[in-house]
Amino acid sequence: MTPVPAEVTGVKVYGDQRGAALADFDQDGRVDLVVSQNANQTKLYRNRAGKPGLRVRLVGPAANPDAFGATVRLVYAHGRGPSREVKAGSGYWSVDGAVQVLGMRDAPKALWVRWPDGSESTTPTPPGSREVTVGSGRPRAPAGSH
């Protein structure tokens, strides 16, 4: 691994950091970074340069409404994309957002989910969707997501 200087990444946090988390804070389909610091302000780094992906919100049962432990993958005409696990924790004093942002190499055909109970589902993704919510076997695209 090669360290990348702050001047290149745009992430400049000097001092005593306490935690870092990733989430799409501004709901634009790009993953943002928040870093908390000891005796200093929390810093939010909005991702303005990345290509927007598909926001995926899973709805689990009452005991696990964010479906922590589920794995999601986009399905394309010629195979599946990388998998992403919905995690309940991501590090010291940190929890990444439950809404996953999946990068798209082209238009996905469906979303595959392995639920925490081991069951699997495949749900078609509406063309042009920017966000898909899947739970109880039914996809729901929010208004204005096309």
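1. Start with Glu131 and Arg55. In this predicted model, the two form a salt bridge, and their closest N and O atoms are 3.0 Å apart. The pair links distant parts of the chain: Glu131 sits in strand β11 (residues 131–135) and Arg55 in strand β4 (residues 54–59), 76 residues apart. Are these two buried or exposed? Both Glu131 and Arg55 are buried.

2. Glu131 has another partner to look at. The side chains of Arg57 and Glu131 also meet in a salt bridge, at 3.4 Å from N to O. Arg57 lies in strand β4 and Glu131 in strand β11, so this pair ties together parts that are 74 residues apart in sequence. How well covered are the two ends? Arg57 is partly exposed, with a relative accessible area of 31%, whereas Glu131 is buried at 13%. Salt bridges that share partners join Asp24, Arg55, Arg57 and Glu131 into one network.

3. How many salt bridges does a search of the whole structure find? It finds eight. One of them is between Arg30 and Asp28, with the closest N and O atoms 3.1 Å apart. Arg30 has a relative accessible area of 19%, so Arg30 counts as buried, since the cut-off is under 20%.

4. Next, take a look at the sheet. Three strands form an open sheet in the order β1-β2-β3, with antiparallel pairing. β1 and β3 (43–45) stand at the edges, each with a single partner strand, so one side of each has no neighbour in the sheet. From one strand to the next, the twist averages 15°. As background, strands of a sheet pair through backbone hydrogen bonds, either parallel or antiparallel.

5. Zoom in on the β1 and β2 pair. Strand β2 (residues 32–37) runs antiparallel to β1, and six bridges join them. Which residue in β2 is the bridge partner of Ala23? Try to find it in the structure before reading on. The partner is Asp32. Gln17 also belongs to strand β1, and Gln17 is partly exposed, with a relative accessible area of 34%. The C-alpha atoms of Gln17 and Thr42 are separated by 9.1 Å, although the two residues are 25 apart along the chain.

6. Now for the backbone angles. Most residues other than glycine have a negative phi. Gln27, which is not a glycine, has a positive phi near 55°. Gln27 lies in the loop between β1 and β2, and at 52% relative accessibility Gln27 counts as exposed. Ala67 has a positive phi too, near 60°. Ala67 is found in the loop between β4 and β5 (71–76), but Ala67 is buried, with a relative accessible area of 1%.

7. Finally, check the largest pocket, which holds about 200 Å³ of space. What kinds of residue make up the lining? The lining divides into five nonpolar, two polar and four charged residues. Among them are Leu22, Ala23, Val31, Arg84, Glu85 and Gln100. Which strands each supply at least two residues of this lining? They are β1 (17–23), β7 (84–85) and β8 (100–102).

Technical notes. Residues are numbered from 1 along each chain as its sequence is written. This is a predicted model: local features need pLDDT of at least 70, side-chain atom pairs count only at pLDDT 80 or more; totals for chains, interfaces and linings use all residues. Side-chain values use heavy atoms; hydrogens and water are left out. A salt bridge is a side-chain nitrogen of Lys or Arg within 4 Å of a carboxyl oxygen of Asp or Glu. Buried means under 20% relative accessible area, exposed over 50%, partly exposed in between (1.4 Å probe, protein chains only). Helices (H or I, at least four residues) and strands (E, at least two) are DSSP runs, numbered from the N terminus. On a 1 Å grid over the protein atoms alone, a cavity is a set of points where a 1.4 Å probe fits but cannot get out, and a pocket is an open set with protein on both sides within 12 Å along at least five of seven lines; lining residues have an atom within 4 Å of a point. Grid points are joined across faces, edges and corners, and a volume is the space filled by probe spheres set on the points. Ala, Val, Leu, Ile, Met, Phe, Trp, Tyr, Cys and Pro count as nonpolar, Asp, Glu, Lys and Arg as charged, and the others, Gly among them, as polar. Two strands pair if DSSP finds at least two bridges between them. Axes are lines fitted to C-alpha atoms, for helices over the stretch in contact, and angles run from 0 to 180 degrees between N-to-C directions.
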